[in-house]
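Subject: Structure handover

Hi,

Here is the structure for you to pick up.

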Amino acid sequence: MDASTNTVVISCAIVVVVCAWKILNMVWVRPKKLEKYLRNQGFGVNKYKFFFGDVKELDMLVQKSKSKHINIDDETEVLPHIEAFNLQYLQKYGKSFITWIGWNPRVNIMDPAIINELLMNLYDFHKLRPNPMLEKFLKPGLVSLEGDQWTKRRKLINPAFHVDKLKNMVPAFHLSCNEMIEKWEKLVSLNGSCELDVWPHIQAVTSDVISRTAFGSSYEEGIQIFELLKEQGVLAMETLNSFYIPGSRFLPTKRNMRMKAIDNEVKSSIRSIIHNKLKAMKAGEGSNDDLLGILLESNNKLVEQDQNKSHQMTIDEVIEECKLFYFAGQITTSSLLVWTMILLSKHQEWQLYPPFTQLTRKAAKDITLGRLSLPAGIEIALPIILLHYDEQLWGSDANKFKPERFSEGISKATKKQLIYFPFGWGPRICIGQNFALLEVKIAIAMILQKFSFELSQSYVHAPNILLVVIPQHGAQLILHKL
């Protein structure tokens, strides 16, 4: 064996050893060090299980909750059903506990002061990135950006969600809701009442609203895009609920190929809409009151002000924001609206659910947060729903549906603590909060003018997490025409 061959063999051996060490460090050495480090700070933490961590147990509990339903009259069943995994850690260790998402420890924080400090800090805590498969096909635009990039993009998008702009969208909200109500009126016209699963209708009306307000005159094409993105969402959840193997996104599996095809079709359709919108804007034609028009107008103004095209959003970036309009605007609003109707149907003590059960972040550097010392890269969870049900924070009636607790405002109800944040908090509070609340208020007001409704005996109470909290078996109500 000559010298050059020896060099190649030694080099290959070194590469293998280095790669093996990196893998060993990632899946065993680092987790064990962090386990000891965090336990010494007072966190409750189970022993790290090689490679999978707590994922198998989490999946088992999720599947178990999906296989059963709960009694809507027993508020104590809600958390064990929706948040069984985190709840058992909370009961075992108290409010400072660690869960293992694979080989990554996730710090759960329930101290309102620390939560406030974290959410107000824009630069030291970043959003958790999805696995590479989801990031490739569901790149969430503004939501995925950090630091100065996020600040610039937020500044560009803010005008689209200004109150004055939202007022111009009220006719679109009204039109979409009215079409749904007319369908319901036909169903109840014969007997004055009917049983109806309102969940698919609510999903349809919220997607209809987004299509009208996002794309205006291109509404019909917008509906087609939404159907594709809805399918993409289902495939994304299948991916999210399976253990991600590095590199698997490159395999020509049926799911991977379909997600790629949907992504290409959606981008092509939105690109065509943007091209036509820009062409109409240049010719001074049509209205720019839809979200896309406002976004493009804001984008152009920035270039005119700064005389710097590098600050301008590219067409691909505009496409990603349009996709975000759909996902964030439709799934959260439909969740809020359906649970509001179920709650109003019950007319007795019951709970509310936030659309998301927790927020997650990652420390961008070694940092001290309150009494905690957190290493760079550590995952952090803010369990919204556990906070919303915490009797130490809300009192012994925390589980009860008690709207009068908010009669003097959220600040009074929460005793000025950050314990109620269904839309997030701080600089990164949901940009579409006013949009969602206005849409739901209009929808509920219009429905209540035409119908009274109650829960059907066929309704099965089974809140389930599918990106947001949804009624797993639908929302069967009995509508009565007023």
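The notes below go through what was found, topic by topic. Keep in mind that this is a predicted model.

**The sheet**

Start with the open sheet. It has three strands, in the order β5-β13-β10, and the pairing is antiparallel. The edges are β5 (193-197) and β10. Each has a single partner strand, so one side of each is left without a neighbour in the sheet. From one strand to the next, the twist averages 30°.

The pairings are as follows. β5 and β13 are joined antiparallel over five bridges. β10 and β13 (residues 476-481) are also antiparallel, again over five bridges. Which residue of β13 is the bridge partner of leucine 196? Leucine 477 is that partner. Leucine 477 is also the bridge partner of leucine 455.

α14 touches β10 and β13, and its direction makes about 85° with that of β10. α18 touches β10 and β13 as well, with its direction at about 95° to that of β10.

**A helix pair**

α14 (residues 315-346) also packs against α10 (residues 198-215). The angle is about 145°, and the axes lie 9 Å apart. The crossing of α10 and α14 is right-handed. Contacts run along both helices. On the α10 side they include Trp199, Ile202, Ile210 and Phe215. On the α14 side they include Phe325, Tyr326, Leu337 and Met341.

**Salt bridges**

How many salt bridges does a search of the whole structure find? The search finds 24.

- Aspartate 390 and lysine 95: the side chains meet at 2.5 Å, N to O. Aspartate 390 sits in the loop between α15 (384-388) and α16 (391-394), and lysine 95 in the loop between α4 (84-93) and β2 (97-101), so the pair ties together parts that are 295 residues apart in sequence. Aspartate 390 is buried, at 9% relative accessible area. Lysine 95 counts as partly exposed, at 27%.
- Arginine 405 and aspartate 397: the closest N and O atoms of this salt bridge are 3.6 Å apart. Both residues are buried.
- Lysine 412 and glutamate 408: this salt bridge has an N to O distance of 3.1 Å. Both lysine 412 and glutamate 408 are exposed.
- The network: Asp263, Lys267, Glu320 and Lys323 are joined by salt bridges that share partners.

**Positive phi**

Phenylalanine 51 is at about 70°. Its place is the loop between β1 (44-45) and α2 (55-66). Phenylalanine 51 is partly exposed, with a relative accessible area of 28%. Lysine 415 has a phi of about 55°. Lysine 415 lies in the loop between α17 and α18. Is lysine 415 buried or exposed? At 61% relative accessibility, lysine 415 counts as exposed.

**UniProt features**

The record places a "transmembrane region" at residues 6-29. In the model, that span is 100% helix and 0% strand. Its end C-alpha atoms lie 31 Å apart.

The record also places a "binding site" at Cys430. Where is cysteine 430 found? Cysteine 430 is in the loop between α17 (410-413) and α18 (433-450). Cysteine 430 is partly exposed, with a relative accessible area of 32%.

Best regards

Conventions
Residues are numbered from 1 along each chain as its sequence is written. This is a predicted model: local features need pLDDT of at least 70, side-chain atom pairs count only at pLDDT 80 or more; totals for chains, interfaces and linings use all residues. Side-chain values use heavy atoms; hydrogens and water are left out. A salt bridge is a side-chain nitrogen of Lys or Arg within 4 Å of a carboxyl oxygen of Asp or Glu. Helices (H or I, at least four residues) and strands (E, at least two) are DSSP runs, numbered from the N terminus. Buried means under 20% relative accessible area, exposed over 50%, partly exposed in between (1.4 Å probe, protein chains only). UniProt positions are given in the numbering used here, feature names are shortened, and annotations may be inferred rather than shown by experiment. Two strands pair if DSSP finds at least two bridges between them. Axes are lines fitted to C-alpha atoms, for helices over the stretch in contact, and angles run from 0 to 180 degrees between N-to-C directions. A crossing is left-handed if the near helix is turned anticlockwise from the far one by less than a right angle, and right-handed if clockwise. Contact means heavy atoms within 4.5 Å.
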